[in-house]
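Me: I have a model open and want to go through its contacts. Can you take my questions as they come?

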Amino acid sequence: MNNKEYRPTLAQLRTFVTIAENKHFGTAASKLDISQPSLSQALVALEQGLGIQLIERSTRKVIVTSVGEELLPFAKAALEASDAFLARARGANGTLTGPLTIGVIPTIAPYILPELLQSITEVYPELEPRFVEEQTQHLLDKLREGTIDLAITALPTEAAGMVEVPLYAEHFTVVTPSKHPLAGRSDLTLKQLEDLDLLLLDDGHCLRDQALDLCRRAKINPSEATNAVTRASSLTTILQLVMGGLGTTLVPESALATECTSPDLAVARFAPAVTAERQVGLTFRSSAARAEEFHAFGSLVTSAYQAAVERSRALVPVTSPHD
């Protein structure tokens with residue numbers, strides 16, 4: 001029976017949301033760092049107070065009831081509002097303070113984090129940043145779950161319920177073995193990708209999709225320009241394969257200073273008139289109450305990227321086609 005005087009606690013709502021998202025009591029208890037009996041007690045108290053069943057339990061699986069599914073978005077919104085209240089209280093002057101979990105895709109994280117961490121320390125001394133490196137789809141899932149606050153990804157993600165803030169456009173370069181005919185060139189066209197044996201990252205990496213998109217824009221059958229068999233899960237591994245003479249690859253400009261220091265590698269650039277780039281920006285929930293602060297945080301990300309590009313250009317200067 002519904003108790004009209006009952007008001008759920010935030011801990012009870014968080015218990016319900018965590019169980020509903022994970023469909024497993026043990027996993028939910030582990031994520032909340034409480035025992036399973038305590039987890040079950042919190043859920044029972046919530047259901048009894050509301051007079052409805054939110055979760056069906058069986059020995060084999062956990063099912064969210066239809067009314068539970070209906071109420072789940074409201075429980076999530078209540079938790080987000082509470083978190084936003086605390087964040088605003090901690091940073092009433094509009095600056096970021098307290099914990100902030102930031103997702104970053106693997107083809108960005110290693111190259112901008114040195115400068116970004118330094119800037120965070122200087123600009124937001126009371127911020128407690130936590131970083132999660134994952135592929136884009138995993139980061140979007142974590143955003144929906146509320147386990148991260150914002151993500152630095154290639155855009156567009158076209159994810160429902162998210163805000164995307166473009167920050168910068170990053171040029172692609174072609175990395176080849178040092179004795180490759182295109183080594184050192186700075187006048188490449190997209191059509192020349194057809195003559196390369198491109199090594200790509202595994203499925204799920206947006207850099208792979210962007211490379212395939214460049215092939216399609218040049219009206220090249222991707223199977224004719226790419227090595228469909230040889231793949232890797234990191235740029236570092238791909239570049240080891242390039243050094244071994246197994247092909248060439250596309251590398252974001254910010255990664256050159258970190259990944260392309262070997263004398264066995266060379267860099268070729270596209271002609272200035274050629275658009276071969278990716279858009280990078282912030283992605284966060286449209287319900288996030290810290291949107292204004294996230295926009296300001298984006299300027300630090302852009303500055304960190306620019307510093308990485310400057311390092312790369314110092315290592316591999318941009319030359320004219322006639323040099």
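This is a predicted model: local features need pLDDT of at least 70, side-chain atom pairs count only at pLDDT 80 or more; totals for chains, interfaces and linings use all residues.

Me: How many salt bridges cross between domain 1 and domain 2?
Reply: The rule finds one across that interface. As for E80, it forms a salt bridge with R285, with the closest N and O atoms 2.6 Å apart.

Me: Back up a bit. What are the domain bounds?
Reply: The assignment gives domain 1 as 10-90, domain 2 as 96-168 + 278-314, and domain 3 as 170-277.

Me: How far apart are the C-alpha centres of domain 1 and domain 2?
Reply: They lie 28 Å apart.

Me: How many residues are in contact on each side?
Reply: Seven from domain 1 and nine from domain 2.

Me: What about buried area between domain 1 and domain 2?
Reply: About 730 Å² is buried between them, and carbon and sulfur atoms give 38% of that.

Me: Now salt bridges over the whole model. What is the count by this rule?
Reply: The count comes to 10 salt bridges.

Me: What does D141 pair with?
Reply: D141 forms a salt bridge with R144, and the closest N and O atoms are 3.0 Å apart.

Me: Where do D141 and R144 sit relative to each other in the helix?
Reply: Both are in helix α6, residues 136-145; because they are three residues apart there, about one helical turn separates them.

Me: Is R144 buried or partly exposed?
Reply: R144 counts as partly exposed, at 37% relative accessibility. D141 is partly exposed as well, with a relative accessible area of 30%.

Me: Next, E170. Which residue does its side chain meet in a salt bridge?
Reply: R278, at 3.0 Å from N to O. This pair links distant parts of the chain: E170 is in strand β6 (residues 162-177) and R278 in strand β11 (residues 277-285), 108 residues apart.

Me: Are E170 and R278 buried or exposed?
Reply: Both E170 and R278 are buried.

Me: And what does E253 do?
Reply: The side chains of E253 and R269 meet in a salt bridge, 2.8 Å from N to O. That pair also joins distant parts of the chain, 16 residues apart: E253 is in the loop between β9 (249-252) and α10, and R269 is in strand β10.

Me: Why do E253 and R269 count as buried?
Reply: The cut-off for buried is under 20% relative accessible area. E253 is at 2% relative accessibility, so it counts as buried. R269 is at 8%, so R269 counts as buried too.

Me: Which residues are in a salt-bridge network with E253?
Reply: R269 and R313; the three are linked in a network of salt bridges.

Me: Last one, S262. Where is it?
Reply: S262 is in the loop between α10 (256-259) and β10 (265-269).

Me: Which backbone atom does the S262 side chain reach?
Reply: The backbone nitrogen of D264, at 3.1 Å.

Me: Does S262 count as buried or exposed?
Reply: Buried, because its relative accessibility is 19% and the limit is under 20%.

Definitions and conventions: Residues are numbered from 1 along each chain as its sequence is written. Side-chain values use heavy atoms; hydrogens and water are left out. Domain bounds come from an automatic or database domain assignment. Contact means heavy atoms within 4.5 Å. Buried area is the accessible area (1.4 Å probe) that two parts lose on being put together, summed over both. A salt bridge is a side-chain nitrogen of Lys or Arg within 4 Å of a carboxyl oxygen of Asp or Glu. Helices (H or I, at least four residues) and strands (E, at least two) are DSSP runs, numbered from the N terminus. Buried means under 20% relative accessible area, exposed over 50%, partly exposed in between (1.4 Å probe, protein chains only). A polar contact is a pair of N or O atoms within 3.5 Å; within protein, one must be able to donate a hydrogen and the other to accept it, and residues adjacent in sequence count only if both atoms are side-chain atoms.
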